[in-house]
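How are the parts of this protein arranged, and what do they use to touch one another? The report below takes the domains, then the chain contact, then a sheet.

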Amino acid sequence: MSYWQHDIECISRDALKELQLEKLRKTVSKVYESVPFYREILKSRGLVPQDIRSLDDISLLPFTEKDDLRDNYPFGFFAVGQESIIRIHASSGTTGKPTVSGYTARDISRWADLMARNLSCAGISRFSVVHVAYGYGLFTGGLGVHYGVEKLGASVIPASGGNTARQVQLMRDFHATALCCTPSYALNLADHMSQNGYAADDFKLKVGIFGAEPWADGMRKHIEESLNIKALDIYGLTEIMGPGVAMECPEQNGLHIWEDAFYPEIVDENGNPLPDGEEGELVITTIDKEGMPLLRYRTHDITSLVSEPCACGRTHRKIKRVKMRTDDMLVIRGVNVYPSQVEFVLAQIEGIRPQFRLVVDRVDNLDTLLVEVELDNKLIGDTVKDLERLQGEAKRKLSEGLLLRCDVKLMPTGSLTRGEVKAKRIMDLRDKRN
Amino acid sequence: MDVKQLSVFIENTPGSLVSLTRLLGDKGIDLISLSVADTASFGILRGIVEEPEKALDIVIEAGFTARLDTVIPIQVPDEPGSLSKVLELLGSNNIVIEYLYSFMRNGGGEAYIILRTKQMEEALKLFSEKGVHVLSAKEVYSL
């Protein structure tokens, strides 16, 4: 077993708690001083940072919701001035506004360290060649993994997304030993290999780190068998940092959440803390971030915390693999999609009503999104051309607004809602495909 | 009086056209002309009816997506080449046709064409100058 930062990865629980308290107090002081949103809430509750005397006192602090980030778009949660921010990432938000995350130089460096821990945890070393097929750009996936591979000293192939044939060729020619991408894209690569006459021994792949999408053990088995690798799960979210908040170790029974950087809690639907082992919503407080520290961020991901010691030696608790959410967020090709975003986009298009249904499917191992939209009672034109233009406009605006390619189908007025007490807005067929 | 055409959006699925035609039949609305434009996923039914405003209310009330547009019904001799003459006339005057369809023949020597263009005034003026017979609403409804 190799570690990137052995001392901290295998720190005693007591020492870790001491470190967490110190970092939590520092974080609360910082946001009280620099983020009006937090200062006002703390003041209204009669709290000052010095009231945080133990880790349990975290329950005095307010939760942060995704809507709070939206209300303070774009930089309202930044705790430092723009001159200290060296990178900004964004993911799709619940409406037209993206969710923004800002990083200082130290944040980027710490993120790379955490990612290097994750890579080491997967057995990757400086002798490895890591093929990164997460998208590079505003999405945190590509660059997040990339900086970790460089910090570790392995060779990184910044392939980004798309052009599957070329990716497979490069993985073979460059002797990639590790693959990082979404689980559905891993299957897509595997299919391409088998359909194009590649043999298993054409590749040197040993391990894959897959995330940004919920996936179950059936899919893991499929990936491991078709690529002849060990497939590990990675967890992260833009608001908190990006990929690498938690990482599955080779024991494959949970993901270590790096508790020296993130303080995790599990809460019930009323926000009350639950003990380890009980399932609820994951709430994360960043305790080692400068650019955009967040207090008790509601991830809406359902999981539980595992406190039993792990055979890998790491002392940081694990979260169970995330399979469900408390809200209606969909993850399609690694992109977060909220029905409210679709509504927001459609409301701005003349000729259609913000009534819709999202049909998510998986074709050739790639997620597809079809948005069925209802036309207004008043037909926008009497020619096919008029309707095709409308369809094209909806498709373009949705693809831009969701940061995700999608198809649009025009439906007659009322066809999606007729006879329904509450319209079913989502039809996810992916579960049936694996 | 302008001749108004009712256009209704129909999904390209079995039974969607029949639900519209049944509705019109039940409400006593007679389709004087009928044409359907379609793509793989949807279609537009276009028809001339005697009381277009009433028909529009009825179909919208029933939950259809619909609209009314002014079209030009013309009468041409039912013989080879007569339609070409009209089309050439429009083309040489840069009038763009959105669509057209022929809708009925009375068994005599005339053919009837419904024509839609976004340059209505120019087309009507041209037809009047060149002696192309544009039918009035009254004439259309009596066919």
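In this predicted model, the centres of domain 1 and domain 2 of chain A lie 31 Å apart, taken over C-alpha atoms. Domain 1 of chain A covers 6–326, and domain 2 of chain A covers 332–432. Their contact draws 13 residues from domain 1 of chain A and 18 residues from domain 2 of chain A. On the domain 1 side, helix α8 (residues 183–195) of chain A gives the most, with four residues.

Chain A also touches chain B. Here 17 residues come from chain A and 18 residues from chain B. On the chain A side, α11 (384–402) and β20 (407–411) of chain A each supply at least two residues. The most comes from β20(A), with three residues.

The table gives the residue classes of two contact sides.

| Side | Nonpolar | Polar | Charged |
|---|---|---|---|
| Domain 1 of chain A, touching domain 2 of chain A | two residues | nine residues | two residues |

Strand β20(A) belongs to an open sheet of four strands, ordered β20-β19-β18-β21 (chain A), with mixed pairing. Its edge strands are β20 and β21 (426–428) of chain A, and each pairs on one side only. Neighbouring strands are turned by 20 degrees against each other on average, direction ignored.

Strand β18 (residues 352–363) of chain A pairs with β21(A) in the parallel sense, over three bridges. A:V360 stands opposite A:D428 in β21(A). Helix α10 (residues 339–346) of chain A packs on the sheet and touches β18, β19 (366–375) and β21 of chain A. The direction of helix α10 of chain A makes about 135 degrees with that of β18(A).

Conventions. Residues are numbered from 1 along each chain as its sequence is written. Chains are lettered from A and ligands numbered from 1 in the order in which they are written. This is a predicted model: local features need pLDDT of at least 70, side-chain atom pairs count only at pLDDT 80 or more; totals for chains, interfaces and linings use all residues. Domain bounds come from an automatic or database domain assignment. Two residues are in contact if their C-beta atoms, placed from the backbone, lie within 7 Å. Ala, Val, Leu, Ile, Met, Phe, Trp, Tyr, Cys and Pro count as nonpolar, Asp, Glu, Lys and Arg as charged, and the others, Gly among them, as polar. Two strands pair if DSSP finds at least two bridges between them. Axes are lines fitted to C-alpha atoms, for helices over the stretch in contact, and angles run from 0 to 180 degrees between N-to-C directions.
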